[in-house]
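Could you walk me through this structure in plain words?

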Amino acid sequence: MAGLEIFSLIASLVCIAISIIVSIFGFARRGRYTITINDKKDNNNSKSFSIPDIAGTVFSALSLFFITLTIIARGVQTGHGPFSNMYEFAIAFSWGIIAMGLFFQWRYKTGAVKNVGLLVALSLIIFAIVQHAKPEPLVPALQQSVLLSCHVASAIVAYGTFTIGFGAAVLFLIQNRRKSKWLPSAELLDTMSYHSVVIGFPFLTALIILGALWADIAWGSYWSWDPKETASLVTWLVFAAYLHARVIRGWKGNKTALLIIVGFAAILLTFFGNYIFTGLHSYR
Amino acid sequence: MWLWRLFSSIKLALALILLIAGMSLIGTLTSLSIFDSIWFAIPGCLLMLNILICSLNRWKGIKLSVLGGPVQQKESFYNAGDNYIELPPIRISNSEVEKKIELLLKSRGYRVRSKTEDNNMYITADKNRYFRLGTYLSHFSLILFVFAFIGGSHFGFRIANLEVPVGSTAKVGQNSGLSLQLISFSDQYYDNGMPKDYRSQVVLYQNGQEVRQATIRVNQPLTYGGIRFYQAYFGPAAELQVQRNGSVIFDGKVPLDSTSVSGGAVRYLGVLDLQNGLKVRLISSAENIDDTMIPAGQLGLEVLQDGQQIGLTLMQTDTPQTIGNLEFTYNGESQFSGFQVSKDPTNTLIWVASILFIIGISAVLYFPYRHIWVLIQSGKQKTCSVTIRSLPSRSFGNTTEMSVFVTQIKHELQIPEDKN
């Protein structure tokens, strides 16, 4: 199982890398490698497929498959979900990013945003490989698998969607200036980033609340202003601000896109926070 | 009133949220104790006030949408705002157009109401109107959290360190009449030395009567009458007897609850307070360490009167020693378990607020409120023109919802799609 875990982790890394390279290639030589299938009855109804696009999708789906395999192989060894150290979190986080990236690609028929997410996922997988930790048993505080599993599952969905939202916001800022025809329209990118916050925000809320309820059971206190707790509150506040800013005239666009980027930075601070500060979440 | 207008502004809410976020960030990155300070409480209170006033202000509109509101609006209403569309004139009777639009709206899950007046037909259709109330659930549960937080610290109590040596009983205090006896304590480890389990076997007494027997573990607190006992920490204890002029003034176990590191040796330290300025410091060496000062199995004793050392000695078990008029007997090593005891009457409130909070946020975001207004006017030569407006225009996905709906209508009414 340990062999399978490492093999599929490396395989996912390779698939993500290929997917990114193929997509960049596709962007650079847009329109060169397309196959057009003409409908014989109706000439207007022809479909064209871009080979790099299809290859990019196939490889990102493959990488999702391999990460899933890694998580399963790891789970068989540890006997629990990916929630005991940074190595396991990083893998779960990138699973969330790629899964949500594929969902948004399917929903909005554009893979551009997913590709930004893939870059983040790639860095996380590299981080995981560097950080690789042998399976270790759970210390007493972590022996609360129901709440903990829900807590981490919410984190995967929330952080995965917000990373996609971050990708959309970054592309929005570029598109708003460049008006590139290779990128989706600014309006679509704005809609995508909003949709990501709409999906992710309830999960982020559940993440924090489940954490607080569990802290009360394990340590006898809902909230102790532990740095990681506070950083997650900052993340929540930034996205709450985003949702309210959307309603204000004149804020939609550059300013809200910047808020998403700030929110994503807060996620990174929360995620890597235990390297910076000490506290209840002082695992490595 | 300008103050009311200020507090009903969402811009103020945004500014306050970002201010609190910024302050929390500073609190995280530095070790400033900002969270108990007034500078954190002020924007927090202002935000609560802001939420209350915004909620009150929105009530009229939300009530209207929940109850239904009027079917007909002024003609100028239908082509106002930024999310409306006027279809080109069509040669179908307006009652037939109305029927088709109504069917389409119903198939998309809308509640449809219509009205005819002076050859004009008005349709109003809405979806997820009850989910709009979710905004109250989420915002009020935020306020509930704050009340629970304040209430918990005023009406409850928290004892961070109730230390009970094995075999001893400790009073909880706080007028609870409770006392906790520790029967046994065990700490288990995995093969690699990582902690596996801490368990304290306890008996709880109320006014001397046994009320509960339990095993307290991490993640498994003991709850009795709203008071909860958590496994917090543990350590060694020394069993000591002290006599003054032949009479026993202390006989029991002293928790060695702090550690000191000096010259590379880790030692456990406990203090026994014998009152009137007389204190005894007990020092033992940590396990598995070759300590030259305090050999394993022995206990270092330092006697202090008003902070001045009056005696220092090393004790072996069952060999009494005399310092001044005091005689000490060390009866061996034992263990203590440290509990956190807390009473939080707002516990249920927090669970309720948590559930309402998540339900409220999910209702608003996952079931967005939609409202479509349609005006069908009959024109000259048996044509009719259709104007469709969707509200609220800035709500998520409404432009998408509107364009899908309009495409379907055009298809139904056989209006060719625009090329642009």
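This is a predicted model: local features need pLDDT of at least 70, side-chain atom pairs count only at pLDDT 80 or more; totals for chains, interfaces and linings use all residues.

Val303(B) has Gly311(B) as its bridge partner in β16(B). This bridge belongs to the pairing of strand β15 (residues 299-305) of chain B with β16(B), which is antiparallel and runs over 7 bridges. Two strands are said to pair if DSSP finds at least two bridges between them. The strand names also come from DSSP: strands are E runs of at least two residues, helices are H or I runs of at least four, and both are numbered from the N terminus.

Now look at the whole sheet. It is open, has 5 strands in the order β12-β13-β14-β15-β16 (chain B), and its pairing is antiparallel. β12 and β16 (308-315) of chain B are at the edges with a single partner strand each, so one side of each has no neighbour in the sheet. On average, neighbouring strands of this sheet are turned by 25° against each other, direction ignored. Such angles are taken between axes, which are lines fitted to C-alpha atoms (for helices over the stretch in contact), and run from 0 to 180 degrees between N-to-C directions.

Residues are numbered from 1 along each chain as its sequence is written, and chains are lettered from A and ligands numbered from 1 in the order in which they are written.

The model scores ipTM 0.87 and pTM 0.87. Chain B has an average pLDDT (the predictor's confidence in each residue, from 0 to 100) of 88, and 96% of its residues score at least 70. Among the elements of chain B, the highest mean pLDDT, 94, belongs to strand β8 (residues 209-217), and the lowest, 81, to strand β12 (residues 258-262).

How many of the 18 residues of β10(B) are buried? The count is 13, so β10(B) is largely enclosed by the rest of the structure. A residue is buried if 20 or more other C-beta atoms lie within 10 Å of its own, exposed if 12 or fewer do, and partly exposed in between, with C-beta atoms placed from the backbone.

β10(B) has several antiparallel partners. With β11(B), β10(B) is joined by 8 bridges, and Ala238(B) stands opposite Val254(B) in β11(B). Strand β9 (residues 222-224) of chain B pairs with β10(B) over 3 bridges, where Leu222(B) stands opposite Phe229(B).

## Turns with positive phi

The hairpin of β9(B) and β10(B) has 2 residues between the strands, and Gly225(B) there takes a positive phi near 55°. The hairpin of β10(B) and β11(B) also has 2 residues between the strands, with Asn245(B) at a positive phi near 50°. Asn245(B) is a residue other than glycine, and it counts as exposed because it has 8 C-beta neighbours inside 10 Å.

In chain A, Trp225(A) is found in the loop between α6 and α7. Its phi is near 55°, a positive value in a residue other than glycine. Trp225(A) counts as partly exposed because it has 16 C-beta neighbours inside 10 Å.

## Where the chains meet

The contact between the chains takes 37 residues from chain A and 37 residues from chain B. Residues are in contact if their C-beta atoms, placed from the backbone, lie within 7 Å. On the side of chain A that touches chain B, α6 (186-219) and α7 (227-245) of chain A each supply at least two residues. α6(A) gives the most, with 13 residues.

By class, this side of chain A has 27 nonpolar, 8 polar and 2 charged residues. Here Ala, Val, Leu, Ile, Met, Phe, Trp, Tyr, Cys and Pro count as nonpolar, Asp, Glu, Lys and Arg as charged, and the others, Gly among them, as polar.

## The domains of chain B

Chain B is divided into domain 1 (1-67), domain 2 (73-128 + 368-412) and domain 3 (157-343). These bounds come from an automatic or database domain assignment. The centres of domain 1 and domain 3 of chain B, taken over C-alpha atoms, are separated by 47 Å.

Definitions and conventions: Two residues are in contact if their C-beta atoms, placed from the backbone, lie within 7 Å.
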